[in-house]
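Subject: Structure for you to look at

Hello,

Here is the structure I said I would pass on. Please open it first, then read the notes under it.

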Amino acid sequence: MELQTALPENSGLATGLEEDSTYIGPSARCVLFTLQDEIYGIYVKKIREVLRVGTIRKVAGTPPHVLGVINVRGVIVTVVDTRTIYGMPSKPVTDLSRIIIVELDDEQTVGMMVDFVMEVKDIPESKFEPLSSTKENASRYIQGIAHYQDNVIILIDVDNMLMNFE
Amino acid sequence: MDEDILQDFLVEATELVDQLNEQLVDLEQAPSDRDLLNAVFRGFHTIKGGAGFLGITPLIEVCHRAENVFDKIRNGDVEYDAVVADVILRAFDVISDSIEQLNSGARDLPENDQGLLQELDAITKGQAVQEVETQADNAATMTTDIKLELPEGVDPDGEISDDEFEALLNQRDMLSEASSSSPQIPEEPKLELPEGVDPDGEITDDEFEALLNQRDLMDFAQVDETLSMPEPASEPVPQAKPADTKPAAPKESAPKPSVAPAGPAKASSKNTAESTVRVDTRRLDEIMNLVGELVLVRNRLLTLRTTQGSSEELSNAVANLDHVTTDLQTSVMKTRMQPVKKVFGRFPRVVRDLARKLGKEIDLELVGEDTDLDKNLVEALADPLVHLVRNSVDHGIEMPQDRIAAGKPEKGTVILAAQQEGDHILLSITDDGKGMDPDVLRRKAVEKGLMDEMTANQLDDKAAFELIMSAGFSTAEQISDISGRGVGMDVVKSMITKLNGSIDIHSVLGEGTRMSIRVPLTLAILPTLMVAFDEDNYAIPLTSVQEIFDYESDKINMIDGQMMVRLREKSIPLYFLSEWLAPEKVKEDYDGDKVVIVSIGNQRAGLVVEQVNGQEEVVIKPLGMMLKKISGYAGATITGNGSIALILDLPGVIQRFQY
C-alpha cells in the first residue's frame, strides 16, 4: 500500500480494486478454478499440470471421494473428486471438467477433478486473510480467502486436504 | 572429525573391506602369491592411513598390527597358515564391524579387545623376534644410505600413478623393516612442503597430495630413513611441522573430498572414480517410466503405420524410432544391473569359516560372477543364498574320512554358479556330498506328522526332496548351530517366491545335491495372467496360477456356506471376483465364466472371472499412497493399448472374501 501511494499516477485507483499491473507488492501466483459457483485457488508451485479428463480407471473398494486412477505418461495417479471433499454433490464430467495434477510435499502426485479451470492469477498477498474459524470440518483444508476483483477466492491447502481427508 | 572426509573414507573403506574379504580367503589358498599379498597389505595400510587421518584409534590399532603381520609374511618370517589366518580374519572382522558401525552413524568406537591385539603382536614378534632385532641394527647403520627414489622421469609433484606407487612399494620391500614390529603407533614424522610452496597461503590440492604422499612414505619408512621425495625430510623446517599442517589440511581440502584418503588409495581408485557417477535409483525409475511410455507411443505408431498405409519415408522414420527405443530400453534396464559378484564375494569367507569349524575340507568354486541382475535382486538374494551354501557345507559335504571311505576325493567341492537364461537368472549351488535319500525324507515326513504314510509313499523323488522346504522339517540327526533348526529352508522358499522365483532340488544319493534358483532378471517386470470383466483388466501374478478351466455349475457345491469346486477328488474354495470388483456383474448363473486356480502359500483357491485374456509381462507401478491402504491390490500397470490394469495381491484378495 505504501508503494502505491508513492506512485502518483495510481492514486486514483488506490481506493478501488487494483489491477495486476498496478500492484507491485508481493503476490502469490494461483490457478483459479470453480466448484459449483465458488472460486477456488491453488498455489501454482503445487501444480504440475492441468489435464483434460480422459479415461479414469475405477478401483473397487475405494472411499467415495476417490474416482479412480489415470495414466499420466506412465505414472499411475489417483484422482479425487474435489466436490465430494467439500461436501458438494458430485456432477457428471463435462467438456469443461479438468483434472489438476498437484504435487504434495512428499512428492506424491494426486489428480483433483474440478468443474472448470479459469486462469492463472497473481493475487496480492495483502488481499489474503486467514479464515475465521467457522465451519470446523471444511476449514481444515482452507488456507485462507482473498477478496479480489469483486470475487471471493478460497485458497486450498492441498497437502492438508489430500493427506488427511478420510 | 570432518564429516565429509569421514564419509569419503567410509565409502572407500567399505569397498576395501569387501575386497579384503575375498582376498584374505584367496591368500590362504595361495600364500605364495606375492601380488595378492601386496594387495592385502595395501588394503590394511590404506584403511589405517584413512583412520589415522581421522584419528579413529581403535581402527588404527588393529590395522597397524594386521599390517605388521603381513609385513612379516612378506619377509618370509611368518607363514600365512590357517592359525594365523584365523587371527587375521578375526582382526578383519573387527575392522569390518567398525566400518559398519561408522557407516550406521556411530562415531565412538568401543575399545579393542586386548586379547586380539596381543595375539596379533605375538604373531609379529613370536618366531621372528631375533631376526627383527638384527634387522633393526642393520637399519640403524644404514640410516643415512636408504633412500626411496622414484624412477627417473617421474614427476613427484603430480599425481602418483599405480605404477609409481608400485615402484615405491617394491623399493620399500627391499628396505629393512626396522620399525614394523613396534606395536605402538609411531609418532608422526615430520612433513615438509616442496620447495617454492608458501605454507601460509592456501594449500592447493596438489600440495596437499604431495604432503599426504610424504606422510605415507614416512609411515612406510618410519624411523630415520632419509626420504628423497622431493627433499630429504630429516631436515627440520619449522613452519611445516605436522602439527601445523595436519589440522589445516583437511579443512582446506574439504571442497574436493576425494583427496582425503591416503596416497595409495588415491592412486588405485583414481581411474574408476572418474568414470562413474552415483545416481539415485528413484531417478532411474523415473527414466524407466518414461522409456516405458515411449515404448507405448512407438507401438501405437507401429500400428498406425500398418493401418493407415503411410508413405515410405514416414515408415522408415518409424522403423528407426523403433530401433532406437528398443536400444534405449535395454540401456536403461542395464543401469539398474549389478554383477552377481556383489553377493558371491562373501561366500569364500563363509565357506572357509564353516569348513574349519566343522573340520571339513571344501573348495568353493564361483562360476559366472559377472552375470548382471537387478540391484534389488542382488540384495534380496544374499540371505537365501547364504542359507543354502551353509546347508551344502553343513549337511551336504561329508567329513574327510567318510569321503575317503566312499571313494571320493578328501576335499569336497561346492560350486556356486550364476547364468542368464533368457529373461531369467539361474543360480545354482552344487555339492558333491552325500546327497539326499528320498526314503528317509518320506519317513521323516510321517514321523513329524506332516502327512500320513500313504501320501508320503505316493510322493515321487522330486516331491520328496521338496519336503525339506516345508515348515518344521529338519533332517539333521544332530542339530548344529550352523543350520538344522528346521526353520530355514521354508523361509528360503518363501523369500524366493516373494521375488517371483522358483527353487528346484535335484539330488542323487551318494553323489551330491544341486539346488537351482530361478529368478526374473528384474523385480520390476512381473509375468501375469490377464483377466477381465468387460473393459476392466486385472493382472494375476503368473507364479501363483496353477490351472484354468471353464466354470461348470455341476462341479460346484456349497459346503458349510462356502462354494467349493471339485478338482481331481479335491475340493477347493471358490471366490467370485465380480462380487468385489464388478458388483453390477453378480449373476445367478456363471456358466461360460472361467475358474483360475491359484496357490497362496500352501492353500489353493479358485477365482471366478469373466474373461481370461492370456499372459502379459507387466511393469509394476505403485498405486499412490491414497490407495495403499486398500487391500487386494499389489499395484497397477499399463497394458499394451495404454489402459490401466490393476495387479491383484492374492493373499489380500482371499482375505477380503474370508472376512
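Which residues have the most contacts inside the largest nonpolar core? They are Val69(A), Ile100(A), Ile540(B), Val596(B), Val608(B) and Leu648(B), in a core of 71 residues. A nonpolar core here is a set of buried Ala, Val, Leu, Ile, Met, Phe, Trp, Tyr and Cys residues joined through C-beta atoms within 7 Å. Buried means that 20 or more other C-beta atoms lie within 10 Å of a residue's own, with C-beta atoms placed from the backbone.

Before the rest, some ground rules. This is a predicted model, in which local features need pLDDT of at least 70 and side-chain atom pairs count only at pLDDT 80 or more, while totals for chains, interfaces and linings use all residues. Residues are numbered from 1 along each chain as its sequence is written, and chains are lettered from A and ligands numbered from 1 in the order in which they are written.

Leaving aside neighbours within four places in sequence, Leu648(B) is in contact (C-beta atoms, placed from the backbone, within 7 Å) with Tyr538(B), Ala539(B), Ile540(B), Gly632(B), Tyr633(B), Ala634(B) and Val653(B).

Now the place where the chains meet. Here 20 residues of chain B are in contact with 17 residues of chain A. On the chain B side, at least two residues each come from helices H11 (281–308), H21 (578–581) and H22 (625–628) and from strands S19 (633–638) and S20 (644–648). Helices (H or I, at least four residues) and strands (E, at least two) are DSSP runs, numbered from the N terminus. H11(B) gives the most to this side, with 4 residues.

Chain A has 4 helices and 11 strands, and 26% of its 166 residues count as buried.

Last, confidence. pLDDT is the predictor's confidence in each residue, from 0 to 100. Its mean is 77 for chain A and 74 for chain B. In chain A, strand S6 (residues 98–103) has the highest mean, at 92, and helix H1 (residues 2–6) the lowest, at 37. pLDDT stays under 50 over residues 1–20 of chain A, and likewise over residues 176–191 of chain B and residues 219–272 of chain B. For the complex, the predictor gives an ipTM of 0.78 and a pTM of 0.54.

Regards

How values were computed. Contact = placed C-beta atoms within 7 Å. Buried ≥ 20, exposed ≤ 12 C-beta atoms within 10 Å, placed from the backbone.
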